[in-house]
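I opened my notebook to keep track of what I looked up, one topic at a time. Come along and check each entry against the model as you read.

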Amino acid sequence: MPQVIDLGNDTTRLRGVHMIVGEGLCSNIYVVGREKATIIDAGVGNKLNPVWPQLDSIGVKPGNVNKIALTHAHHDHAMGAFIILEKANPKVYVQTLDTRHIASSLGESLVKVEEGDIIETELWPLEVIWTPGHTEGGMCFYARAQRILFSGDTAFPDGYFGRFDGESGSIEQLIESLRKLAKLRVDVMLSGHGVPVLSGAEDNLKLALRNAELYA
């Protein structure tokens, strides 16, 4: 079963944030808060990644799930939302350009968001940063005052970056997105796959930009 990590044990900056580590082809799932939890990416939603046992282990019951925010609509990040919706009634936030992949299935739960929108959570507000390149509607979530970035599949640890050869991917857009992220003040980066970057994330983002520019 997927491992659940209390990230507050690693840094007080992440107190109240849990990470559910994806098994196999599944994204990490981040749970922000507990009483009115915001789930950032929901995983693939298969037998290896059932979501609810992990949420239950940190005290998040169906009535506590307030929001789901998807960094993009690829199945390894998004399909777990439907498992959550079987028991809970959260709003699901998706960037407008990615909603065509998932909108009809979410019905009234869907909330379309754009660059600069704010998603309120139990802990701190998250600013929507539109980061196309991996998908046309990819986005990151930025807690500006706390210098925390949920980077989805745009940027990964150690200067890696997301694939750009999918249906709506673009290396040119990905480079521009990484340029945008590299200008932010970021200490902590929580990506869609891989381990958390708990310090020095700005250097990580600048390295990802330099590496991506080699493809241009």
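**Ground rules**

I am working with a predicted model, where local features need pLDDT of at least 70, side-chain atom pairs count only at pLDDT 80 or more, and totals for chains, interfaces and linings use all residues. Residues are numbered from 1 along each chain as its sequence is written, and side-chain values use heavy atoms, with hydrogens and water left out.

I also noted how helices and strands are named: they are DSSP runs (H or I, at least four residues, for helices; E, at least two, for strands), numbered from the N terminus.

**Entry 1: the seven-strand sheet**

I looked up the order of the strands and found 7 of them in an open sheet, E1-E2-E3-E4-E5-E6-E7, with mixed pairing. Strand E1 (4–6) and strand E7 (110–113) are at the edges with a single partner strand each, so one side of each has no neighbour in the sheet. From one strand to the next, the twist averages 20°. My reminder on angles: axes are lines fitted to C-alpha atoms, for helices over the stretch in contact, and angles run from 0 to 180 degrees between N-to-C directions.

Strands count as paired if DSSP finds at least two bridges between them. E5 and E6 pass that test, pairing in the parallel sense over 3 bridges. I found Ala69 opposite Tyr93 in E6.

**Entry 2: the largest nonpolar core**

Next I looked for buried nonpolar residues. A nonpolar core is a set of buried Ala, Val, Leu, Ile, Met, Phe, Trp, Tyr and Cys residues joined through side-chain atoms within 4.5 Å. Buried means under 20% relative accessible area, exposed over 50%, and partly exposed in between (1.4 Å probe, protein chains only).

The largest core has 25 residues, and Val31, Leu55, Ile68, Leu70 and Ile84 touch the most other members. At least two residues each come from strands E3 (29–32), E4 (37–40), E5 (65–69) and E6 (91–95), and from helices H1 (52–57) and H3 (80–85). H3 gives the most, with 3 residues. In soluble globular proteins, nonpolar side chains tend to be buried together.

Which residues does Val31 contact, leaving aside its neighbours within four places in sequence? I listed Gly16, Val17, His18, Ile20, Ala37, Thr38, Leu55, Ile58 and Val60. Contact here means heavy atoms within 4.5 Å.

**Entry 3: the loop between E4 and H1**

I looked up two residues in this loop, Gly45 and Asp41. Gly45 is partly exposed, with a relative accessible area of 24%. Not counting residues up to four places away in sequence, Gly45 touches Met79, Gly80 and Ile83. From Gly45 to Ile20 I noted 25 residues in sequence and 12 Å in space, C-alpha to C-alpha.

Is Asp41 buried or exposed? Asp41 counts as buried, at 2% relative accessibility. Its phi is near 65°, a positive value in a residue other than glycine.

**Entry 4: the five-strand sheet**

I found 5 strands in an open sheet with mixed pairing, in the order E8-E9-E10-E11-E12. Strand E8 (118–119) and strand E12 (188–191) are its edges, each with a single partner strand, so one side of each is left without a neighbour in the sheet.

E8 and E9 (residues 126–130) pair in the antiparallel sense over 2 bridges, and they form a hairpin with 6 residues between them. Ile118 has Glu127 in E9 as its bridge partner. E9 and E10 also pair in the antiparallel sense, over 4 bridges, and Trp130 stands opposite Met139 in E10.

E9 is mostly covered, with 4 of its 5 residues buried. Helix H5 (residues 171–182) lies across E9, E10 (139–143) and E11 (148–152), at about 145° to E9.

**Entry 5: one more loop residue**

I found Asp158 in the loop between E11 and H5. Asp158 is exposed, with a relative accessible area of 60%. Asp158 has a positive phi of about 65°, although it is not a glycine.
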